[in-house]
Number of protein chains: 2
Amino acid sequence: MSIRLSSKEDYESLIDKYDTWLFDCDGVLWQGSRLIDGVLEVLHLLRSKKKKVCFVTNNATNSRKTYKKKFDKLGIEAHVDEIYGSAFATAVYLSSILKLPKDKKVFVIGMEGFEEELRDEGISYIGGTDPENQTLEPFSLKDFVLDESVGAVVCGLDFGINYTKLSKAFQYLKRVPGCEFICTNADSTYPSEFGLLPGAGSVSAPLRYATGREPIVVGKPNSTMLDCIKAKVAFDPSRTIMVGDRLNTDIEFGKAGGLSTLLVMSGITQESDITGPNASTTIPDYVAPSVGEFRIVL
Amino acid sequence: MSIRLSSKEDYESLIDKYDTWLFDCDGVLWQGSRLIDGVLEVLHLLRSKKKKVCFVTNNATNSRKTYKKKFDKLGIEAHVDEIYGSAFATAVYLSSILKLPKDKKVFVIGMEGFEEELRDEGISYIGGTDPENQTLEPFSLKDFVLDESVGAVVCGLDFGINYTKLSKAFQYLKRVPGCEFICTNADSTYPSEFGLLPGAGSVSAPLRYATGREPIVVGKPNSTMLDCIKAKVAFDPSRTIMVGDRLNTDIEFGKAGGLSTLLVMSGITQESDITGPNASTTIPDYVAPSVGEFRIVL
């Protein structure tokens, strides 16, 4: 059973209990382009109490630097090294966990922000936004030259996905011995400003189906994302809490990493998802209406 | 156990036993652009004995009229109404089996040949090769108007697949009540002249993953393909044989339809796929080295 936070004491004791606070963003700090009430005061409160704050998002289209602009626009204090996007985490996974040899490169399905993170981690890449791959013409293997130095295919959300990119990625996955297959995240949908669109997991679906291979998935709920955070920052899991609005990504992610979990009801999860006959089997430790409720302690 | 055809009597008795002969094409009649030895003589022999001959292919990029040009080029006698491609079969499924109301249309992911078959069966469509959808720009729902008259999303192999097409198809599948989801075939790969590329099943994979829906799949090995053939031509299943080179499409297709099956070893199937410890559980009734072997009876 989850603990429902309601009194001032509930919120105070939670703040005392955890030193590191990991926040999902969309549905937790903001909804689309609208800041959730009270978020600024609560983040300020946590910082004033010397809490470590991190922002953990599966968004793989933006680099942290670009994603920070969203925080700036909404007036949320955030530092680039507090933001963990799945593109960044994938780059860290390649450099720090997989330790991709320096003479290897990756073939990218993804956007400029993903490439920026790879560059920042010193990962060489081909594909991505290379104009050669921005085509809707049929792809032919006739003039295709396989680059044997490709050690991994990495796939994130790519609004420019096309048959040439998929065909090339397929060749690397099938024909280069030992070529790794890594996806930023497996989200089936992507919450755009005007509604749901196919997500990163849908963009990689053709490669999973064509090759019959299951990729390493970095983003929430997988613990790889937490391993990447650990590679960059020290924290004590027993004094760390994951705050999110999605049971199957945020809360599962916290649980898989041995963290405490707080579900906020300001995003996608409905009351019927956590109580009654159709409730999920994923049980967060705590439930609160929104992050803004922590203002009660002020 | 399969019967291995070898003697003149074996081949003669098989010809006597079946009135209708369904042939897969690639790996059976030709390999890429090369005609398989003896195919011309054997097809001529069957026709001289008044056998009904049909060509059954999962290829969904070409209309039957275009596909016939391949037969013409190789010198194989074939009539358009003997050719059953999965694009044609999907159009027949919509018109004759699903009986799509005349005021409904379909949203197409697919190529010119697929559109041609839809037009010939009197099915209205949007999407497809419409220049509006030939774009690699990010898709936004802001100006998208849902056409409520879309009764089905149909998806075949599309070398021009992109995020706009996928996003629109996703909207119809998620937002139009009762919208059907139909795929020409579920082939994971496509045998291009210079090697394997992602197939029609890989092109529809993002939609299956994003919606969580399983489509109706028309092509082999599904019996829907046979239902479409039956809607156009009369034959007695007990006197009909399916000849193919793939266990999991051609032979499964014949078995599912209650037909006899002949596996030819001139295509993708290796001896180790049918004998020994790793043999498939799909057992064809007959096995022959190639269609050309029937020349023994001449």
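Visitor: How many salt bridges are counted between domain 1 of chain A and domain 2 of chain A?

Guide: This is a predicted model, in which local features need pLDDT of at least 70 and side-chain atom pairs count only at pLDDT 80 or more, while totals for chains, interfaces and linings use all residues; side-chain values use heavy atoms, with hydrogens and water left out. A salt bridge here is a side-chain nitrogen of Lys or Arg within 4 Å of a carboxyl oxygen of Asp or Glu. The side chains of Glu121(A) and Lys232(A) meet in this way, at 3.2 Å from N to O. Between domain 1 of chain A and domain 2 of chain A, the count is 1 salt bridge.

Visitor: Which helix gives the most residues to the side of domain 1 of chain A that touches domain 2 of chain A?

Guide: The domains, whose bounds come from an automatic or database domain assignment, are domain 1 (3–58 + 221–297) and domain 2 (89–210) of chain A. In contact, meaning heavy atoms within 4.5 Å, are 10 residues of domain 1 of chain A and 10 residues of domain 2 of chain A. With helices (H or I, at least four residues) and strands (E, at least two) taken as DSSP runs numbered from the N terminus, the element that gives the most to this side of domain 1, with 6 residues, is helix H8 (residues 223–232) of chain A.

Visitor: How much area do domain 1 of chain A and domain 2 of chain A bury between them?

Guide: Buried area is the accessible area (1.4 Å probe) that two parts lose on being put together, summed over both. On the side of domain 1 of chain A, the residues that lose the most area to domain 2 of chain A are Asn58(A), Cys228(A) and Lys232(A), together 49% of what that side buries. Of the total, 64% is on carbon and sulfur atoms, and the area that the two domains bury between them is about 790 Å².

Visitor: Where is Pro221(A), which a cis peptide bond joins to Lys220(A)?

Guide: The bond between Lys220(A) and Pro221(A) is cis, with omega about 5°. In chain B, the peptide bond from Lys220(B) to Pro221(B) is cis, with omega near 10°. The place of Pro221(A) is in the loop between strand E13 (216–217) and H8 of chain A.

Visitor: Which helix gives the most to the side of chain A that touches chain B?

Guide: Chain A and chain B bury about 3000 Å² between them, 73% of it on carbon and sulfur atoms, and the contact takes 39 residues from chain A and 38 residues from chain B. In chain A, Leu136(A), Tyr163(A) and Tyr209(A) lose the most area to chain B, together 27% of what that side buries. Across this interface the rule finds 0 salt bridges. Among the elements that each supply at least two residues of the side of chain A are helix H6 (163–175) and helix H7 (200–211), and the one that gives the most, with 8 residues, is H7(A).

Notes:
Residues are numbered from 1 along each chain as its sequence is written. Chains are lettered from A and ligands numbered from 1 in the order in which they are written.
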